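Student: I am new to this structure. Please take one part, look at it closely, and then show me what lies around it.

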Amino acid sequence: MAERAALEELVRLQGERVRALKQQKASAEQIEEEVAKLLKLKAQLGPDEGKQKFVLKTPKGTRDYSPRQMAVREKVFDVIVSCFKRHGAEVIDTPVFELKETLTGKYGEDSKLIYDLKDQGGELLSLRYDLTVPFARYLAMNKLTNIKRYHIAKVYRRDNPAMTRGRYREFYQCDFDIAGQFDPMIPDAECLKIMCEILSSLQIGDFLVKVNDRRILDGMFAICGVPDSKFRTICSSVDKLDKVSWEEVKNEMVGEKGLAPEVADRIGDYVQQHGGVSLVEQLLQDPELSQNKQALEGLGDLKLLFEYLTLFGIADKISFDLSLARGLDYYTGVIYEAVLLQTPVRAGEETLGVGSVAAGGRYDGLVGMFDPKGRKVPCVGLSIGVERIFSIVEQRLEALEEKVRTTETQVLVASAQKKLLEERLKLVSELWDAGIKAELLYRKNPKLLNQLQYCEEAGIPLVAIIGEQELKDGVIKLRSVASREEVDVRREDLVEEIKRRTSRPLCMC
């Protein structure tokens with residue numbers, strides 16, 4: 001036994017040495033040599049039949065959710081879904097994995113983040129990266145040319161997770177899309193209206209929605225001298241301006257992507273501008289940009305969009321921002337992204353964006369990529385960044401020390417004396433059959449105090465108390481947990497009384 005313990009200690013020390021060499025980025029030969037020693041020591045240990053070691057953790061970039069966290073999630077989802085339904089959307093679902101060829105070539109530089117699966121029965125599959133490409137495949141496959149849909153489901157990205165900032169490898173997306181041939185900017189304006197409605201309803205703080213148009217970007221790149229082959233990769237660099245400085249973006253474009261410095265400087269003159277409809281008007285007068293057909297179309301549509309946003313009462317929430325690029329390859333027109341704002345600490349300071357919580361845009365060519373005849377179905381949509389929103393709501397509740405109910409139980413069926421289990425079981429069954437959310441403690445003879453304490457801890461608002469006298473009188477004693485007031489209710493009236501007392505809508509925490 002002592003020999004085994006000594007050998008286990010050698011294995012532990014050798015393991016630490018291997019890890020240290022990897023952290024120090026030692027040569028591959030040195031690491032390989034030390035790994036071989038480690039394997040040799042482990043072989044000497046042999047199989048340990050009596051002991052199995054499990055690492056109890058979730059995979060990197062994923063998390064478990066407690067009942068409290070799930071209660072918060074459900075409330076957030078309720079706000080989002082009710083808004084989608086209010087705007088007439090239908091719900092669909094698609095498989096969690098797609099044929100690899102379905103996803104390939106749709107995400108630009110982000111394609112490297114797709115999770116590929118092993119060959120299963122002759123099919124090369126990948127986990128879905130978002131809900132937009134599967135939606136386009138669904139439209140083409142079913143020959144649909146007109147639909148307004150929402151879809152809430154998990155997606156997967158082989159990313160470096162930053163879980164404190166709501167960045168995961170497995171996470172939910174909440175998508176709303178309008179597909180069909182419509183007059184310009186009407187569905188686009190509605191998508192922005194939906195985005196603003198949801199973010200306002202969730203009460204997570206002030207926000208700003210940045211808008212731009214891919215056609216304006218492409219026109220700008222063309223007049224600045226960016227080669228056609230570099231449009232998408234330069235677009236990806238520009239999209240980082242909300243996180244890093246212009247100097248860093250310029251260095252990436254010039255140093256890593258081979259763009260001429262003077263071309264980068266011309267781009268910089270444009271992408272550092274932002275404003276409202278007045279900036280659209282200004283750029284329509286730009287001697288170079290106004291001569292580019294694509295840019296002119298984009299600016300004309302943005303001017304129309306601002307007219308509709310004014311009618312919807314949300315123009316003050318929208319900023320035309322030339323640095324917004326949205327890295328995904330499939331966008332073809334208007335693009336937008338909502339960011340939460342940080343209130344300035346001192347007067348005169350600029351309001352800062354502290355993170356994207358929703359995004360979307362127009363993608364008119366994606367469905368045609370799947371259609372055998374290349375038939376296009378124009379689409380525009382949005383996605384709510386619920387993981388970041390969950391994190392914000394959770395932090396707010398913790399700061400306020402608010403209690404979150406994790407069940408929706410309306411009433412606990414309790415007894416005041418012993419030997420009344422059968423009566424409790426009969427009553428709780430009656431309540432369940434009537435659609436009342438009810439519970440009882442799983443004890444034959446629970447103390448009344450314990451039953452009342454359970455209600456307080458679980459946030460259950462009512463207690464239906466059965467006693468020998470109540471059974472004789474044909475009544476149930478209904479107790480309000482908060483006020484401790486009790487009233488006798490005829491058994492046949494109990495269901496309606498419980499419904500009346502618990503019919504108030506739940507608020508968003």
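Start with the packing. The largest nonpolar core holds 103 residues, and Phe 84, Val 209, Phe 221, Ile 267, Phe 320, Tyr 336 and Ile 384 touch the most other members. In soluble globular proteins, nonpolar side chains tend to be buried together. Keep in mind that this is a predicted model.

Step back to the whole sheet. It is open and has 5 strands, in the order S13-S12-S14-S15-S16. The pairing is mixed. What marks S13 and S16 as edge strands? Each pairs on one side only. S13 covers 438-439, and S16 covers 486-490.

Two helices lie across this sheet. Helix H15, residues 421-433, lies across S12, S13, S14 and strand S15 (475-480). H15 runs at about 160° to S12. Helix H18, residues 494-501, lies across S12, S14, S15 and S16. H18 runs at about 10° to S15.

A record also touches this part. An unreviewed UniProt entry places a "coiled-coil region" at residues 390-417. In the model, that span is 39% helix and 18% strand. Its end C-alpha atoms lie 44 Å apart.

Next, strand S4, residues 147-156. Here 7 of the 10 residues are buried, so S4 is largely enclosed by the rest of the structure. S4 pairs with strand S5 (residues 170-179) in the antiparallel sense, over 10 bridges. Ile 147 stands opposite Ala 179 in S5. S4 is also joined to strand S1 (residues 90-91) by 2 bridges, and these two run parallel. There, Val 91 has Tyr 150 of S4 as its bridge partner.

Now a helix with a buried side. In helix H9 (residues 246-256), the buried residues are Trp 246, Val 249, Lys 250, Glu 252 and Met 253. They cover an arc of only 155° around the axis, which puts them on the same side of H9. What covers these buried residues? The cover includes helix H8 (231-238) and helix H10 (261-271). Gly 255 and Glu 256 are exposed, on the face turned away from the buried side. After H9 comes Gly 258, with a positive phi near 70°.

Finish with a recorded site. The unreviewed UniProt entry gives a "binding site" at Asp 130, Leu 131, Thr 132, Arg 157, Gln 173, Asp 177, Arg 326, Tyr 330 and Tyr 331. Where does Tyr 330 sit? Tyr 330 is in the loop between strand S8 (318-321) and strand S9 (334-342). Is Tyr 330 buried or exposed? Its relative accessibility is 6%, so Tyr 330 counts as buried. Setting aside neighbours within four places in sequence, Tyr 330 is in contact with Lys 106, Tyr 107, Asp 130, Thr 132, Val 133, Arg 362, Tyr 363 and Leu 366. Asp 130 and Thr 132 are also among the positions the record lists for the site.

Technical notes
Residues numbered from 1 in each chain as written. Predicted model: local features only at pLDDT ≥ 70, side-chain atom pairs only at ≥ 80, totals over all residues. Heavy atoms only, no water. UniProt positions renumbered as here; feature names shortened; annotations may be inferred. Helix = DSSP H or I, 4+ residues; strand = E, 2+ residues; numbered from the N terminus. Pairing = 2+ DSSP bridges. Contact = heavy atoms within 4.5 Å. Axes fitted to C-alpha atoms, helices over the stretch in contact; angles between N-to-C directions. Buried < 20%, exposed > 50% of the residue type's maximum accessible area, 1.4 Å probe, protein only. Arc of directions from axis to C-beta. Core = buried A, V, L, I, M, F, W, Y, C linked by side-chain atoms within 4.5 Å.
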